[in-house]
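Please look over the sequence and the structure shown here before reading on.

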Amino acid sequence: QVQLVESGGGLVQAGGSLRLSCATSGTIFSSYIVAWFRQAPGKDREFVAVISSSGGRTYYADSVKGRFTISRDNAKNTVYLQMSSLNSEDTAVYYCAADRSSAWYGPSVRSRGSEYDYWGRGTQVTVSS
């Protein structure tokens, strides 16, 4: 059973930065595609960013492009989401998700939550204005 554990969330002022981590154990994490999603109160879950198994491909939602960076360290079985220039609209619970398939398929596929097999429990990010 694959378990994903997010960490790094918290309260930050507008304009600040946070780095989220998604860690796992007991699996060949380096072969998985991993994404970040978020869900704000009263809103649907939305895609944030995705990274290929090797780390060579990434894709971002327009709302975070240029402000967020997804990366991974396969030796540590960890995927990161570096967030900067945060604003109140970034307030949400952030979830990481992993797909056993290493096939990329393209951004339109990779931005769908239904494509992912495993999900973490989430970490809260609150941006104060």
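## Salt bridges

A salt bridge is a side-chain nitrogen of Lys or Arg within 4 Å of a carboxyl oxygen of Asp or Glu, and a search of the whole structure finds seven salt bridges. This is a predicted model, in which local features need pLDDT of at least 70 and side-chain atom pairs count only at pLDDT 80 or more, while totals for chains, interfaces and linings use all residues. Residues are numbered from 1 along each chain as its sequence is written, and side-chain values use heavy atoms, with hydrogens and water left out.

One of these salt bridges joins the side chains of Glu46 and Arg38, at 2.5 Å from N to O. Buried means under 20% relative accessible area, exposed over 50%, and partly exposed in between, with a 1.4 Å probe and protein chains only. Arg38 counts as buried because its relative accessibility is 5%, whereas Glu46, at 32%, counts as partly exposed. Arg38 and Glu46 also belong to a network of salt bridges that links them with Arg67 and Asp90.

Another salt bridge brings together the side chains of Asp117 and Arg100, at 3.3 Å from N to O. Asp117 lies in the loop between helix H1 (107-110) and strand E10 (118-119), and Arg100 in the loop between E9 and H1, so the pair ties together parts that are 17 residues apart in sequence. Helices (H or I, at least four residues) and strands (E, at least two) are DSSP runs, numbered from the N terminus. The side chains of Glu115 and Arg112 meet in a further salt bridge, at 3.2 Å from N to O; Glu115 is partly exposed at 22%, and Arg112 is partly exposed at 40%.

## The nonpolar core

A nonpolar core is a set of buried Ala, Val, Leu, Ile, Met, Phe, Trp, Tyr and Cys residues joined through side-chain atoms within 4.5 Å. The largest one here has 38 residues, of which Trp36, Leu81, Met83 and Tyr94 touch the most other members. Elements that give two or more residues to this core include strand E3 (18-25), strand E4 (33-39), strand E8 (78-83) and strand E9 (92-99).

Contact means heavy atoms within 4.5 Å. Leaving aside neighbours within four places in sequence, Tyr94 is in contact with a set of residues that includes Leu20, Trp36, Phe68, Leu81, Met83 and Val125.

## The disulfide

A disulfide is a pair of cysteine sulfur atoms within 2.5 Å, and a search of the whole structure finds one. Cys22 and Cys96 form this disulfide, with their sulfur atoms 2.1 Å apart, and the link is right-handed, with 60° about the S-S bond. Cys22 lies in strand E3 and Cys96 in strand E9, so the pair ties together parts that are 74 residues apart in sequence. Cys22 counts as buried, at 0% relative accessibility, and Cys96 also counts as buried, at 0%.

## Strands E7 and E8

Two strands pair if DSSP finds at least two bridges between them, and E7 and E8, which run antiparallel, are joined by six bridges. Phe68, Ile70 and Arg72 make up the covered face of E7, while Thr69, Ser71 and Asp73 make up its uncovered face. Thr69 stands opposite Gln82 in E8. The hairpin of E7 and E8 has four residues between the strands, and Asn77 in this hairpin takes a positive phi near 55°.

## Ser53

Ser53 has its place in the loop between E5 and strand E6 (58-60), and counts as buried at 15% relative accessibility. Not counting residues up to four places away in sequence, Ser53 touches several residues, among them Ser30, Tyr32, Arg72 and Ser102.
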